[in-house]
Amino acid sequence: MARLEVTETFAGIALPGHLHTQESLRFASSFQFRDTDVLIATYPKSGTTWMQEILTLIHSKGDLEAAKTIPNWDRAPWLEHTYSKDLLQETSGPRLITTHLPCQVLAPALRKSKAKVIYMARNPKDVAVSFYHFHKMAKFLPDPGSFEDFLISFLDGTVQYGSWFDHVKGWLSQQAELELFYITYEDVHKELGRSVERLADWLGCPLQPEEIREIQQHCSFSSMRENAMVNYTLVPCEIMDHSQGRFMRKGTVGDWRDHFTPLQNMLFHKIYQKEMQDSSMRFRWFLD
Ligand SMILES: Nc1ncnc2c1ncn2[C@@H]1O[C@H](COP(=O)(O)OS(=O)(=O)O)[C@@H](OP(=O)(O)O)[C@H]1O
């Protein structure tokens, strides 16, 4: 199946041209956030779809109506995608918005409002594995070649969406400047109910125990894997080749162990330590 290989470059970062144009990226970087907006910011494959589902249900207090009938990309549109402009401008109430853009592109616009940001990060080794598999199915991304080649590009930051290290360091450096809640994929994986409760409290939408249980059940991997509103099976095969795998692939912590050679693991650690040496961020999962 042919690849839709057009690339847009913005702020020095390559992005899939199938989803982005210079106009859509300019729209995103000068977006007028409202105080009631909630922005989910992630590097790809860090649990974005999971967070979109959780936050939709926190907003609706566990009412499944929207989650069962509207795809995630319409409930929490990507700020930078070509289709989002009208959708976002037409929404009058509190908006749930998603982005993979780096902080330096959005921080100036965000600082003009009290919009809340939820930054979700994941062990970069698992991100690299998940991203590699996603490249195989997503026809708007380049052919990844071998895992070995892909891992080198991931560590170099030359993959689309740029460097994982810069993305995480950039967003987390803004914790004091923005209304930012930092959570990891591993936190949510370990304690889904507790994570839902913490997020709901931070958003000022406290939930009853039965509402939390309802959300927990709906947002389990097994439930989301079968849910067409989030598992991307609605996307046509020319854009996502479903014969190459599933978007909801494994949903586990530590899958990198089945993919990395000892040498790749050593190289990864070396580069991680160099890139993150000045960072005091909480990345306890990296040592797992
Ligand atoms: N409910 C739930 N539980 C556990 N894991 C989940 C869940 N929902 C999504 N996922 C996993 O998240 C990975 C996809 O990440 P993203 O949604 O950020 O991808 S994307 O950037 O929007 O393309 C991808 O990870 P991998 O399975 O490791 O590839 C998904 O399976």
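User: Leaving aside its neighbours within four places in sequence, which residues is D126 in contact with?
Analyst: This is a predicted model, where local features need pLDDT of at least 70, side-chain atom pairs count only at pLDDT 80 or more, and totals for chains, interfaces and linings use all residues. Residues are numbered from 1 along each chain as its sequence is written, and side-chain values use heavy atoms, with hydrogens and water left out. Contact means heavy atoms within 4.5 Å. With neighbours within four places in sequence set aside, the contacts of D126 are T252, V253, G254, D255 and W256.

User: Where is the place of D126?
Analyst: Helices are DSSP runs of H or I with at least four residues, numbered from the N terminus. D126 lies within residues 124-137, which form helix α7.

User: How many helices and strands does the chain have?
Analyst: Strands are DSSP runs of E with at least two residues. The chain has 14 helices and 6 strands.

User: What percentage of the 288 residues in the chain do buried residues make up?
Analyst: The C-alpha atoms fill a box of roughly 50 × 40 × 40 Å along the principal axes. Of the 288 residues in the chain, the buried share is 55%.

Key. Buried < 20%, exposed > 50% of the residue type's maximum accessible area, 1.4 Å probe, protein only.
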